[in-house]
Amino acid sequence: MGNVNLKEKKERIWYWDTVKFLMILAVVIGHCIERMTLAGEKGLIPLNLFIYTFHMPMFLFIFGVFHNEKNTLRKLLFYFTAGCLLKVYSYFSSLLINGKATFTPFYDGGTPWFMFVLTWYTLIAWLLKRVDKRIVLAVSIVIPLITGYFRCINDCLCLSRMFVYFPFFWIGKMLDRDILLTTIRKWKKRLFVPSVCLLAIWLMLCVVKTSEIGILSPLFTGRNPFSASTHGLGFIYRLLTDAITLLTGAAILFVVPEKIPLISYMGRNTVNVYFWHYSMLYLVFRIINMEEFIENWWGVLIVMCIGVALTFLLSLNIFNFPLKYINRFIMTFKPKKSISTQ
């Protein structure tokens with residue numbers, strides 16, 4: 001196991017919680033930036049493009065790293081239930097905040113997609129458990145190169161995101177998490193500076209080449225087919241976005257510290273942040289006049305601070321409800337055995 005000792009095995013590996021918290025923070029900040037760009041603050045588009053490069057693929061990669069086939073049926077039930085619950089919660093939140101909402105049972109472009117994709121991946125991993133993982137990876141890379149040409153593969157059943165992000169999940173599944181962590185620790189000192197430089201260069205390109213790189217933005221979301229601007233070469237753009245995501249994701253693994261006080265602890269509850277954050281942000285953005293609020297730089301800064309504060313707030317254990325209790329019930333439920341009478 002390299003330098004992973006027995007003490008570490010018994011304790012929580014805080015490194016992954018640190019990564020998860022920073023990624024969920026990127027998700028919340030990304031949604032804040034989206035609202036501001038819709039309100040007219042176009043200067044934040046490069047930052048949004050940068051964030052979308054890696055945040056959700058990183059979550060799915062980590063999900064793959066820790067995935068196993070144990071209790072598959074119960075996991076399927078939990079992820080699907082959580083997705084349906086989030087879908088209902090999002091619907092009624094929108095209804096209360098806006099006075100109107102649309103419920104589409106088989107389509108989802110909002111936050112519930114993540115839970116449904118986890119359901120897909122859990123099922124697919126179980127079905128393919130005896131197939132050579134290298135073959136699965138190769139096929140999973142090719143499929144999005146083809147499906148991007150079909151507009152019917154979209155938010156219906158979350159199929160587009162399921163296909164596009166699957167390679168990142170599968171790469172995580174192919175890796176032994178102990179060996180992976182040992183490798184990251186071994187190479188962190190040597191690769192820290194190159195990784196920081198790589199992330200800085202990509203961020204700089206997003207800023208100075210926004211119009212040129214903007215063609216990649218819809219592809220990073222995972223939900224969009226190839227646009228006409230790709231001139232029939234969408235598969236090349238898909239390969240390019242995959243390569244950028246892999247490089248930036250790997251760089252993040254070598255940049256993130258082993259443990260950050262409070263942040264690492266908060267990283268245990270990222271799924272709760274994901275469940276609650278969007279509707280709460282939406283409520284805040286309905287209360288304030290976004291167009292006027294972001295006219296000054298301090299207004300933009302306040303909105304960003306709201307996103308950070310909300311991420312920390314929703315990481316508190318009090319927001320474990322309802323997912324933690326649903327998960328506990330599903331994972332521990334045992335039907336009562338009938339008592340036969342003679």
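Modeller: Let us start with His31, which is buried at a relative accessible area of 12%; buried means under 20% relative accessible area, exposed means over 50%, and partly exposed lies in between (1.4 Å probe, protein chains only). This is a predicted model, in which local features need pLDDT of at least 70, side-chain atom pairs count only at pLDDT 80 or more, and totals for chains, interfaces and linings use all residues. Residues are numbered from 1 along each chain as its sequence is written, and side-chain values use heavy atoms, with hydrogens and water left out.

Colleague: In which helix does His31 lie?

Modeller: His31 belongs to helix H2. Helices (H or I, at least four residues) and strands (E, at least two) are DSSP runs, numbered from the N terminus.

Colleague: And which residues is His31 in contact with, leaving aside its neighbours within four places in sequence?

Modeller: They are Tyr52, Thr111, His277, Tyr278, Leu281 and Phe285. Contact means heavy atoms within 4.5 Å.

Colleague: How many residues of H2 are buried?

Modeller: In H2, 20 of the 25 residues are buried, so the helix is largely enclosed by the rest of the structure. Its end C-alpha atoms, in residues 14-38, are 36 Å apart, which agrees with the 36 Å that 25 residues should span at 1.5 Å a residue. The expected span is 1.5 Å times one less than the number of residues. Just after H2, Gly40 takes a positive phi of about 120°.

Colleague: What is the size of the largest nonpolar core, in residues?

Modeller: The largest nonpolar core has 87 residues, and Trp16, Met36 and Tyr121 are those with the most contacts inside it. H2 supplies the largest share of this core, 14 residues. A nonpolar core is a set of buried Ala, Val, Leu, Ile, Met, Phe, Trp, Tyr and Cys residues joined through side-chain atoms within 4.5 Å. In soluble globular proteins, nonpolar side chains tend to be buried together.

Colleague: What does Tyr121 touch, not counting residues up to four places away in sequence?

Modeller: Tyr121 touches Leu60, Phe63, Arg161, Met162, Tyr165, Phe166 and Phe169. Tyr121 also forms one aromatic cluster with Phe63, Phe78, Tyr79, Phe166, Phe169 and Trp170.

Colleague: How many aromatic pairs does a search of the whole structure find?

Modeller: The search finds 30 aromatic pairs. One of them is formed by Tyr89 and Trp276, and it is edge-to-face, at 5.1 Å centre to centre with 70° between the planes. This pair links distant parts of the chain, 187 residues apart: Tyr89 is in helix H5 (residues 72-98) and Trp276 is in helix H14 (residues 270-287). Rings of Phe, Tyr and Trp (its six-membered ring) pair if their centres lie within 6.5 Å; planes under 30 degrees apart count as stacked, over 60 as edge-to-face and the rest as tilted.

Colleague: Is Trp276 buried or exposed?

Modeller: Trp276 is buried, with a relative accessible area of 17%. Asn272 also lies in helix H14, and Asn272 is buried at 4% relative accessibility.

Colleague: A change of topic: how many disulfides does the search find?

Modeller: The search of the whole structure finds 0 disulfides. A disulfide is a pair of cysteine sulfur atoms within 2.5 Å. The sulfur of Cys84 is 10 Å from the closest cysteine sulfur, in Cys158, which is too far for a bond. Cys152 is in no disulfide either, as the nearest cysteine sulfur, that of Cys156, is 9.1 Å away.

Colleague: Lastly, where is the cis peptide bond?

Modeller: The cis peptide bond joins Phe321 and Pro322, with omega about 5°. Pro322 is in the loop between helix H16 (297-314) and helix H17 (323-332).

Colleague: And what is the phi of Leu157?

Modeller: Leu157 has a positive phi of about 60°, although it is not a glycine. Leu157 is in the loop between helix H7 (133-147) and helix H8 (159-174), and Leu157 is partly exposed at 39% relative accessible area.
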